[in-house]
Amino acid sequence: MSTQHDELVVHSPYDGTEVGRVPNGTGADVDAAVARALAAMQTAPLAQSERAAILDAAARRIGEEEERLGRTIAAEAAKPLKTARVEAQRAVSTFTFAAVEARKLAGEMVPIEASDVGAGKLAFTLQLPVGVVGGITPFNFPLNLVAHKVAPAIAAGCPIIVKPASQTPMSAFALRDLLYECGLPEAWYQVIAGKASEVGNALVDHPDVRLITFTGSVDVGWSIRERAARKKVGLELGNNAPVVIEPDGDWATAADKISVAGFSHAGQSCISTQRVYVHDDVADDFLAALVPKVEALVVGDPMNETTDVSALISTGDRDRVQEWVEEATAQGAEVLCGGKVEGNLLLPTVLANVTPDMRVCRDEVFGPVVAVQRYRDYEEALRLANDTRYGLQAAVFTADLAKAVRAARTLDYGGVLINEVPTWRADQMPYGGVRDSGNTREGPAYAVREMTETRLVVIQP
Ligand code: NAP
């Protein structure tokens, strides 16, 4: 990404070529957008039926434009085309479920006569739009994570202004154009790309922006939470997702799934499988199954149909991840495959003999690296999985129901998956973290609740 006059020039992370330009916004643009959004909300609110119809139309149009949107994602994020198309399909799902929420949104009756003072009264709640929403989004899902903010905002009746990641702003603009085509009045979804220190701060600081929904890194997220003490602030942040493989679990399926889940979009997913704890009894078999699959991943140009893994978002990130791998090997880890830079790519890497204090275990790698540690005792494995400041999703492979229930109750995460990788997500489920990983749940049903206020109405007839 670079700036030229009033344009932000977007470059392919894979080969550095220019892939597009978008307007480079300013703090003044944010002020104007907020004023437009507020006026629209006050003078021409969208009826629930209109919101639902627009969301349904958008889901249909995104589906029709899947190929074009997939190519935009692949170009700006270096996400391999086949996974970029999946992201576009997921955005269809996000809008479809948001349309359902727009239709269902309602308050509830309050049992006011259950106390003596309420005798003869009638009470109920209304769920009203919270106000203008500011969305700040990361580079790794430039379409569907914008969709997870925009679709619920529309369903809730809130105009939204999105500041997309500077490396990947084009998908947010493409979505905007589709929504306008579907009848969304322009004030209801505005995109302002630009410097985080200017556009991001202007959104966070604006008194008429009532809710900030942020997806991105831990430190930035919590600093926004502190900066915007009087707003609602929803944070979807980082993670270093663990998976525990018991000897009674289907370790072959686990190997198969992890060979994808650790390396999809070069590991740049907040729930990328990063830490693997495998029982000693099956560790050799598991690794013998995993490593050839990882070596067989096709590495290269994101625009090629066969590519599985492409470039990290920047050469700086490529070098950082390689440095962490080298540091781990200097501390005793063994590289079973990858570990090297080839051209501008870091090869998919499996490390064995890691220890919890290594950065590849302790921090969020956000790169194509899976770190494997053996264990003998299940309780110890659960303790290791919990030994982190993050808490987004975790997983266990076991055939034993008691162990599965023990994991569900013990793992301190927003989501616990049994016989599935922690990287699995469907767009309607409640998704979000505890501890440093965040403070909210996304998924249209949950995000719509966050984006509304409950108003109590009491009637004395
Ligand atoms: P990031 O550096 O935190 O950036 C995210 C967004 O915040 C970008 O739009 C960025 O703008 C903006 N920003 C940066 N500093 C800001 C500030 N001080 N005030 C306001 N806005 C600011 O994160 P990223 O590198 O794009 O994304 C990777 C991170 O996101 C990882 O940690 C990953 O785990 C997390 N993530 C979490 C989820 C989830 O649902 N939990 C999903 C996906 C990703 P610029 O681009 O202009 O800097």
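## Close-up views of a predicted model

**View 1. Ala266 sits in a loop of this predicted model.** You will find Ala266 in the loop that links α9 to β11 (275-279). Look at the backbone here: phi of Ala266 is near 55°, which is a positive value in a residue other than glycine. Is Ala266 buried or exposed? With a relative accessible area of 2%, Ala266 is buried, because anything under 20% counts as buried.

**View 2. Arg435 is another loop residue with a positive phi.** Arg435 lies in the loop between β18 (415-418) and α15 (444-450). Its phi is near 50°, again a positive value in a residue other than glycine. The relative accessible area of Arg435 is 28%, so this residue is partly exposed.

**View 3. Five strands make an open, parallel sheet.** Reading across the sheet, the order is β7-β6-β5-β8-β9. Which strands form the edges? They are β7 (189-191) and β9 (232-236), and each pairs on one side only. On average, neighbouring strands of this sheet are turned by 15° against each other, direction ignored. As a reminder of what holds such an arrangement together, strands of a sheet pair through backbone hydrogen bonds, either parallel or antiparallel.

**View 4. Strand β5 is largely enclosed by the rest of the structure.** Why can we say that β5 is largely enclosed? Strand β5 covers residues 132-136, and five of its five residues are buried, so the rest of the structure largely encloses this strand. In a regular strand the side chains alternate between the two faces of the sheet.

**View 5. Strand β5 pairs with β8 and with β6.** Start with β8 (residues 209-215), which runs parallel to β5 and is joined to it by five bridges.

**View 6. Seven strands make an open sheet with mixed pairing.** The strands come in the order β12-β15-β16-β11-β10-β17-β18. At the edges are β12 (334-337) and β18, each of which pairs on one side only. The twist averages 20° from one strand to the next. Inside this sheet, take a look at β10 (residues 242-245) and β17 (residues 393-397), which pair in the parallel sense over three bridges. Val243 marks the spot opposite Ala395 in β17.

**View 7. The largest pocket holds about 890 Å³ of space.** How can empty space be found at all? Rolling a probe the size of a water molecule over the atoms shows where empty space is left. The largest pocket has a lining of 38 residues, and the closest to its centre are Phe214, Gly216, Ser217, Val218 and Val220. Which elements give two or more residues to this lining? They are α7 (196-205), β8, α8 (218-227) and α11 (315-330). Helix α8 provides the largest share, six residues. By type, the lining of the largest pocket has 18 nonpolar, eleven polar and nine charged residues.

**View 8. The second largest pocket has a volume of about 530 Å³.** Its lining consists of 21 residues, and the closest to the centre are Arg90, Phe141, Ser264, Thr423 and Trp424. Helices α4 (81-104) and α9 (251-261) each supply at least two residues of this lining. Which element gives the largest share of the lining of the second largest pocket? That is α4, with four residues. Sorted by type, the lining of the second largest pocket has ten nonpolar, five polar and six charged residues.

How values were computed. Residues are numbered from 1 along each chain as its sequence is written. This is a predicted model: local features need pLDDT of at least 70, side-chain atom pairs count only at pLDDT 80 or more; totals for chains, interfaces and linings use all residues. Side-chain values use heavy atoms; hydrogens and water are left out. Buried means under 20% relative accessible area, exposed over 50%, partly exposed in between (1.4 Å probe, protein chains only). Two strands pair if DSSP finds at least two bridges between them. On a 1 Å grid over the protein atoms alone, a cavity is a set of points where a 1.4 Å probe fits but cannot get out, and a pocket is an open set with protein on both sides within 12 Å along at least five of seven lines; lining residues have an atom within 4 Å of a point. Grid points are joined across faces, edges and corners, and a volume is the space filled by probe spheres set on the points. Ala, Val, Leu, Ile, Met, Phe, Trp, Tyr, Cys and Pro count as nonpolar, Asp, Glu, Lys and Arg as charged, and the others, Gly among them, as polar. Axes are lines fitted to C-alpha atoms, for helices over the stretch in contact, and angles run from 0 to 180 degrees between N-to-C directions.
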